[in-house]
There are 2 protein chains.
Amino acid sequence: MGELTKIRAPKRKTKHAGVDKADLPLGQILTGDCVAAMRKLPDASVDLVFADPPYNLQLGGDLNRPDGSHVDAVTDDWDQFDSFALYDKFTKDWLTECRRVLKPDGALWVIGSYHNIYRVGAILQDLGFWILNDVVWRKTNPMPNFRGTRFTNAHETLLWASQGEKSRYHFNYRAMKTLNDELQMRSDWTFPICSGGERLKDDAGHKAHPTQKPEALLYRVLLATTEAGDVVLDPFFGTGTTGAVAKRLGREWIGCEREAVYRKVAHARIEKELPLDESALATMQSRKSQPRVAFGAVVEAGLLKPGAEIFDKKRRWKAKVRADGSVECGKETGSIHAVGKNLQNAPSCNGWTFWHYEDGGEVKPIDAARGLYLLAAED
Amino acid sequence: MGELTKIRAPKRKTKHAGVDKADLPLGQILTGDCVAAMRKLPDASVDLVFADPPYNLQLGGDLNRPDGSHVDAVTDDWDQFDSFALYDKFTKDWLTECRRVLKPDGALWVIGSYHNIYRVGAILQDLGFWILNDVVWRKTNPMPNFRGTRFTNAHETLLWASQGEKSRYHFNYRAMKTLNDELQMRSDWTFPICSGGERLKDDAGHKAHPTQKPEALLYRVLLATTEAGDVVLDPFFGTGTTGAVAKRLGREWIGCEREAVYRKVAHARIEKELPLDESALATMQSRKSQPRVAFGAVVEAGLLKPGAEIFDKKRRWKAKVRADGSVECGKETGSIHAVGKNLQNAPSCNGWTFWHYEDGGEVKPIDAARGLYLLAAED
DNA sequence: GTTTTCTCTGAATCCGCAC
DNA sequence: TGTGCGGATTCAGAGAAAA
């Protein structure tokens, strides 16, 4: 079993000795300006930066909806810059510091809108960062353009960049493909804006932060470009979405935030967050870094009993598990992949994600059983 | 009544005398480098620029480094700084020339990918252009990422910018809303890439141009931001998608293209293109472009009689119509708009849709009476 | 309890002519 | 160049309130 453990270990190149995590302020929100705060961190100590900097919106007067109600705009001091030059300097400063604290094979994400993202992108390139993708967050429910003067501004842009052209950044290709129903994950992601129960409120019931990002966005970012145990730094921590999702996904986090109010809200929020258990995380592992597991071995181990019923998500087909790890559905018999493929008349089928089973009243893909198997194999 | 008809014509401001179109090389493809070619055009002569600049750094042999030294683009081994600086200079040059030939209320579109669009966007802002939207072209059928190393690069970005913050760019809001099934057109557009019969082939059957854009994209751009008769300039004409769609939509066009092969293909293509007839070109017009009608004129015409009662939809307020077109509600008197605004204590009010009247037992907004007035005026 | 209607709100560079 | 004012302009989703 020792061999499985070895194979399973995250396949991160450790060419660079790295910093002892004990020397890092993990799970802490550093106070003050983010550039000053980051100076306290050692070189090459962080696996990923996620940054949601001020957008430098340059708003005119008030704006009303057609029904006369007033739009609550982002007019906070932290978003005010007197010129592009000042914004550029600010951007260059924090990006430079991020570059220093990032490991050579680390990566950086920045989110922005057309107001700032072109400046950020150009500066990023000037500093030597290498853009890997620009990703579009399509909002299902953007604020309309109330005056009918432009296209509805229905998206924001994320930049994903490595330290340089040759750096060996980390990308969980398989996890993304699985998440996207066995199609390659595209550069356009569709999520609603953060509202409802997820939107943090202050004591008076007002939104705690004007620009809180949806957790689903961070979830995908962290799942795609980090492994459990990695250190994620967020220089503009706000109300701590990055920290909350990092904790849930078993990643370490460090935040920087100037405003005491936001820090307080973030601490309370993250305190409540519960990490997912390891089996749930295991299903998200990249296939490349996992040993191949035969379905038969899972059956053999008793995680799915011979005779058990498995079914596709929509329960259009049911199949019976046989002792040798083959499955049977009417006249079709064979491997989980072959039967799934033939039933759907599809060119191929990933049986691990196609077939599901019930475990304690819950429907799970049989991939979860494989996760449990691997977990057990580690001991 | 001819006067009303005249007022109805599209309301383009001609504050600036403008250039006689006869002095422009309409329907021509200018040869040579686009900056040199554009120098032949007069100032403020073009309504719209659509540009699809190259984003690789192989720009040809006629470029110089910022220090003036000559560069052989194909063989020179640039460092990253040099190549970005060179690309920036190139970008600044052609954008500056576009800015000169554009009318003060003209606008510019640029399309690009993450390789170049951040540089273009930042330079555009530095030159004084005012970004109106960034628009994402989502490809329904992008090329997959074969090596599984990144997200599928499934989109390109268009920037739409006016000459400056205060400039009065043109936007066919109603036409876009109609095109999008009566919902505001969003900043993300979904089209397939250019392929099949639309993709131009050379004599050997190979694609004539590596980055031919789909006509649907240009169709939407031109429909959204130009009127029939407007002059559209494309500094990187390629195989002439802009020209073909412009001709079809009854817009004038000017192209610049260095490569004789592309010019030849473009000419042949545009030659075959047929303009839509005028009735097909008609688009939904905004209320803004309709003639202004005084409420008094509606009263005068007898469509609403002095002394008649008007009320808001929920009948919270009632007002009396007076002979001069003012209305009275308790202590409030004045225009339909001012009284509606004051009663609701709102920042503004459109009296035409706020106030209602009864006509044959039916409740209608007084806007319906305006409609009748305009209908009568057309005869 | 259930269904329907109303109300509120979200990173927004959000008017233009006449005087 | 500023000021006044006519009047054009909104989508999805959550939650509360009403039916």
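Is B:Arg315 buried, partly exposed or exposed, and what is its relative accessibility? I looked this up before anything else. B:Arg315 counts as partly exposed, at 39% relative accessibility. I note here that the model is predicted.

**Entry: positive phi**

I stayed with B:Arg315 for its backbone. Its phi is near 55°, a positive value in a residue other than glycine. Most residues other than glycine have a negative phi. I placed B:Arg315 in the loop between strand S9 (309-312) and strand S10 (318-321) of chain B.

I then turned to chain A. A:Ala44 is not a glycine, yet has a positive phi of about 50°. A:Ala44 sits in the loop between helix H2 (34-38) and strand S2 (46-51) of chain A. I read its relative accessibility as 25%, so A:Ala44 counts as partly exposed.

**Entry: the interface of chains A and B**

How many residues of chain A are in contact with chain B? I found 52 residues of chain A in contact with 49 residues of chain B. In chain A, A:Tyr118, A:Arg150 and A:Phe151 lose the most area to chain B. Together they make up 20% of what that side buries. The two chains bury about 4,500 Å² between them. Carbon and sulfur atoms carry 48% of that area.

I went on to the polar side of the interface. I list 31 residue pairs in polar contact between chain A and chain B, both residues at pLDDT 80 or more. Which elements of chain A give two or more residues to the side that touches chain B? They are helix H4 (117-126), strand S4 (130-139), strand S5 (155-162), helix H5 (173-179) and strand S6 (188-191). S4(A) gives the most, with 9 residues. By class, I get 24 nonpolar, 18 polar and 10 charged residues on this side of chain A.

**Entry: salt bridges across the interface**

I count 4 salt bridges between chain A and chain B. One of them joins A:Asp188 to B:Arg138, with the closest N and O atoms 2.5 Å apart. I also looked up A:Arg138 and B:Asp188. They form a salt bridge too, with the closest N and O atoms 2.6 Å apart. This pair crosses between chains, from strand S4 of chain A to strand S6 (residues 188-191) of chain B. Are its two ends buried or exposed? A:Arg138 is buried, with a relative accessible area of 15%. B:Asp188 is buried as well, at 8% relative accessibility.

**Entry: other salt bridges**

My search of the whole structure finds 38 salt bridges over all chains. I picked out a few.

A:Lys89 and A:Asp93 meet through their side chains, at 2.8 Å from N to O. Why look at their spacing? The two are 4 residues apart in helix H3 (residues 84-101) of chain A, so about one helical turn separates them. A:Asp93 counts as partly exposed, at 33% relative accessibility.

B:Glu328 is partly exposed, at 31%. B:Arg322 is also partly exposed, at 30%.

A:Glu215, A:Arg248, A:Arg269 and A:Glu273 are linked in a network of salt bridges. I followed A:Glu215 into helix H6. A:Glu215 is among the buried residues of H6(A), as are A:Leu217 and A:Arg220. Helix H6 (residues 215-225) of chain A is mostly covered, with 9 of its 11 residues buried.

**Entry: B:His170**

I found B:His170 in the loop between strand S5 (155-162) and helix H5 (173-179) of chain B. B:His170 is buried, with a relative accessible area of 18%. What does its side chain touch in polar contact? One partner is the side chain of B:Asn172, at 2.9 Å. Another is the side chain of B:Glu227, at 2.7 Å.

**Entry: DNA strand D**

Which residues come nearest to DNA strand D? Of the 28 residues around it, I list B:Tyr173, B:Lys177, B:Gln184, B:His337 and B:Arg370.

A polar side-chain atom of B:Lys177 lies 2.4 Å from one. A polar side-chain atom of B:Tyr173 lies 2.5 Å from a phosphate oxygen of DNA strand D. B:Val293 uses a backbone N or O atom, 3.2 Å from a phosphate oxygen. By class, the surface near DNA strand D has 9 nonpolar, 11 polar and 8 charged residues.

Notes: Residues are numbered from 1 along each chain as its sequence is written. Chains are lettered from A and ligands numbered from 1 in the order in which they are written. This is a predicted model: local features need pLDDT of at least 70, side-chain atom pairs count only at pLDDT 80 or more; totals for chains, interfaces and linings use all residues. Side-chain values use heavy atoms; hydrogens and water are left out. Contact means heavy atoms within 4.5 Å. Buried area is the accessible area (1.4 Å probe) that two parts lose on being put together, summed over both. A polar contact is a pair of N or O atoms within 3.5 Å; within protein, one must be able to donate a hydrogen and the other to accept it, and residues adjacent in sequence count only if both atoms are side-chain atoms. Ala, Val, Leu, Ile, Met, Phe, Trp, Tyr, Cys and Pro count as nonpolar, Asp, Glu, Lys and Arg as charged, and the others, Gly among them, as polar. Buried means under 20% relative accessible area, exposed over 50%, partly exposed in between (1.4 Å probe, protein chains only). A residue is near a molecule or strand if one of its heavy atoms lies within 4 Å of it.
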